[in-house]
Amino acid sequence: MNWVYGFAHRHSRAPKDLKALLGGKGANLAEMTSVLALPVPPGFTITTEACRAFMATGWPGDLDAEIDHHIVSLERFMGRRLGDPADPLLVSVRSGAAFSMPGMMDTVLDLGLNDASVRGLAAGTDERFALDSYRRFLAMYGRIVLDVPGEGFDQRLEDAKREAGVATDAELSSDALQHLVDEYQALVEAETGAPFPQDPRQQLKGAVEAVFRSWRSPRAQAYRRRERIPDDLGTAVNVQAMVFGNRDDRSGTGVAFTRNPSTGSAGAYGDFLVNAQGEDVVAGIRTTLPLEAMADSFPACYTELTFILERLEAHYRDMLDCEFTIEHDRLWMLQTRVGKRTGAAALRIAVALTEDPKIRLNRAEAVQRVRPEHLDQVLHPQLGDVKVPLLATGLAASPGAAVGRAYFDADRAVEAVQRGERVVLVRPETSPDDVHGIAAADGVLTSRGGLVSHAAVVARGWGKPAVCGAESLSVRADSLETDSGVVVAEGEWISIDGSSGRVYGGEVALAEGHVPAEFAILLGWADEIRSGRLGVRANADTGVDAARARELGAEGIGLCRTEHMFLDEARLPIVRRMILATDPHEEQAALAELLEVQRADFEEVLEAMDGLPVTVRLLDPPLHEFLPSIEELVVLEARGQLPDGGRELLDAARHWQEQNPMLGLRGVRLGIVKDGLYRMQVRALVEAAVRRQGQGGRPVVEVMIPLVINLPELDLTRQWVQEEVAAVLAEHDARLDVKVGTMIETPRAALRADEIAEAADFFSFGTNDLTQMTLGFSRDDVAPILERYLELGLLSIDPFESIDQSGVGELVHLAVERGRATRPTLKLGVCGEHGGDPSSIAFFQSVGVDYVSCSPFRVPVARLAAAQAVLGQGGPGADV
């Protein structure tokens, strides 16, 4: 087994397809070197297998020899030696996981410098450049490898600039840089108890180990949880000969996209800096120039770069993100990868690439290029009528609008969100240590940084609105100040528009987002792919929700929850009269009133979904949910403040109180105890359908009985349903085919699906309850437990967010097989929250489910995910 491969190694497969072994960065560096012969600084990749071995048992014994062999080869190719005091070879050490994790893991530049080799570098270039490179290396290595707090280096740099009377580090003199080098070395020794390491081989091993360790850093783990990247993949490490964008004014560095990552428009796009290293661009420490400005300073390099970008896009057949450096008027490509993009850009690029003569994606390929979360982004709200002052205008880094209270620290932002506040994270610039704050916040605002800064890249990838580089703002530890003296303190409202770059002081109402034309085009292609394979319905309880769901492409309603119709303030007293009834006459009178309002609700839903199936779940929750809390009534009783009827409500609440109501009198059990309730609901539904027929409508009605655990329960309630359906149709001399099915929500129902199917026209898997009952987790109470379990790796993902495939999923699979063994034509759906989760949708498609049902705004996501599932592009699975 090889632990290490050179970029020029001839693999048996295209290197770009070896990301699992070489990591994304290493695979693409090898592709550019060995396949495309682009100008790439030479180097080698230490594989993900080496990282996994390191995490399991420590540094592999034979890894030193392999690294040394490749260092010798690199030295021979470059004509320089690592640590040579006369003409040193310097290298970068960068992470590169199989999945892009921008800024989440560590990088070390200028490795190989020491007190002797810095003089050799100075002799071959100039003193200032050499000292600047050395102080950068000392700070980066000290922070990343030796765990010296970065603030110490930052403060000393700021002090040096202030003492020299300059604004940027590029203006510091050689003497000032030498003083910084001395101060940095003293800081390292004070913090670690040992001098800065001078042996380049020791430096290299320390840097590689640090990159391996960074795979398990809190920020990387938080990012992987958010992106659902498995924790056991490990990262590759790329060791590459350094080229210097900060060598002189004939050098520079930048990041380029083959298309605009925010809008999707064609043409090269990016940021550029003269006399700088790549970290200066990404970190947002210096304000960048637009990429096209490079044509003025480096016309030949700009022409070459645009040619390379066109060639790379044609080769990879996608929009790419590239890092490059110019050293003494020579262009070097340092990295390429498929570029992260906004939702609008993803849609436009996917459709455009089907028409690009150099690429010609087919429709299936175009559908696979868009991630489900991209669709969420284009549905993002925008700022409505703005009546508050404009504070500043920055760069429109990630579209959408965010309104929240300003917080200036990631930890405090997270705490505020946990208290239920809406938050905008405000920072001078963000770093990977802020990732948890970005994840929690509604939006991000920075005063420094460009369109490819850390904040911009992460926010775009996560669909978070962001404004970056708002330079007129002075951001402090707990406030910001505009150039006109307006101060916004922590906790005060601000509003940001990531599509225009505007920042407002105060709270602005949000309005619906703008959906590009490509949204409908691409989803139309997705519908063609999944047609007849996997349907998409919506969970909707009102006519308004049903109409919205249909507009978004729902093919019916998979779950209409009738209890939501009872919780209306005007109807709750009627429900309570039904519960409090002391004789059948009182109960029937209350049920008759409920029938009138429920029938009207059903008419609205059936009208919105005319011609499409509507699956109505009969009442499911326990009756105590319709009563005031006992605690509230007892307090009022103790104060002598019980209102009229309060005594009856208190007695009823005590009567219906349950220790574990989720496993108590609910679902079909409630229908059996109060059979008049289910009969009333069925009558209201069928009368509504008959009325719709009379108006020329084509209602398609399905009645779903919840929480069934055996065949006798379903037989009994199905009989009641059919009797009531027959009675209504006879009264109106009407005809209507009403399907009767059940929810599979308990492990027993899944295991006995073969017998339950004898009396069911369809099954709908209620995966919320099925997950609770299988895992023994209460969805309402498990949040603190899940947080700890995810942190410790005891769970790979929240099982209420994505289906536990090997546990809950296995029960679904068994129920599918056993139900269809009894009734081959049995229709199968999913109506839990998992019906809108792409990974879960891929699983449901694989086990033979006919449709998924989700909230209306998740319908577009489900349509795309269903098509991708049919094409075999499911997301990573989740197992407990």
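Contact is taken to mean heavy atoms within 4.5 Å. The structure is a predicted model, in which local features need pLDDT of at least 70 and side-chain atom pairs count only at pLDDT 80 or more, while totals for chains, interfaces and linings use all residues. Residues are numbered from 1 along each chain as its sequence is written, and side-chain values use heavy atoms, with hydrogens and water left out.

Asp329 illustrates the use of contacts. Asp329 touches Arg250, Phe298 and Cys301, leaving aside residues up to four places away in sequence. The side chains of Asp329 and Arg250 make a polar contact at 2.7 Å. A polar contact is a pair of N or O atoms within 3.5 Å; within protein, one must be able to donate a hydrogen and the other to accept it, and residues adjacent in sequence count only if both atoms are side-chain atoms. Asp329 sits in the loop between strand S11 (320-327) and strand S12 (330-338). Helices (H or I, at least four residues) and strands (E, at least two) are DSSP runs, numbered from the N terminus. Asp329 is partly exposed, because its relative accessibility is 40%. Here buried means under 20% relative accessible area, exposed over 50%, and partly exposed in between (1.4 Å probe, protein chains only). The C-alpha atoms of Asp329 and Thr542 are 65 Å apart, and the two residues are separated by 213 residues along the chain.

An open sheet is formed by 5 strands, in the order S1-S2-S7-S5-S6, with antiparallel pairing. Its edge strands are S1 (4-6) and S6 (107-111), each of which pairs on one side only. The twist from one strand to the next averages 20°. Strands count as paired if DSSP finds at least two bridges between them. S5 (residues 91-97) and S6 pair in the antiparallel sense over 3 bridges. Val91 has Leu111 in S6 as its bridge partner. Helix H3 (residues 63-78) packs on the sheet. H3 touches S1, S2 (43-46), S5 and S7 (235-241), and its direction makes about 165° with that of S2. Axes are lines fitted to C-alpha atoms, for helices over the stretch in contact, and angles run from 0 to 180 degrees between N-to-C directions. Helix H8 (residues 200-214) lies across S2, S5, S6 and S7. H8 runs at about 145° to S7.

Tyr5, Leu18 and Leu22 are touched by His11, not counting residues up to four places away in sequence.

Aromatic pairs were then examined. The whole structure holds 12 aromatic pairs. Phe54 and Phe212 form a tilted pair, 5.3 Å centre to centre with 40° between the planes. Phe54 lies in helix H2 (residues 48-57) and Phe212 in helix H8, so this pair ties together parts that are 158 residues apart in sequence. Both Phe54 and Phe212 are buried. The pair between Phe257 and Tyr269 is tilted because the ring centres are 6.4 Å apart and the planes lie at 50°. Phe257 belongs to strand S8 (residues 252-259) and Tyr269 to strand S9 (residues 266-274), so the pair ties together parts 12 residues apart in sequence. Phe257 is buried at a relative accessible area of 2%. Tyr269 also counts as buried, at 18% relative accessibility. Phe54, Trp59 and Phe212 form one aromatic cluster. Rings of Phe, Tyr and Trp (its six-membered ring) pair if their centres lie within 6.5 Å; planes under 30 degrees apart count as stacked, over 60 as edge-to-face and the rest as tilted.

Helix H27 (residues 675-694) contains 20 residues. H27 reaches 29 Å from its first C-alpha to its last, close to the 28 Å expected at 1.5 Å a residue. The expected span is 1.5 Å times one less than the number of residues. H27 is mostly covered, with 15 of its 20 residues buried.

Most residues other than glycine have a negative phi. Arg317 has a positive phi, near 60°. Arg317 is found in the loop between helix H12 (299-316) and S11, and is partly exposed at 23% relative accessibility. Leu707 likewise has a positive phi near 60°. Leu707 lies in the loop between strand S29 (700-705) and helix H28 (711-732). Leu707 counts as buried, because its relative accessibility is 0%.
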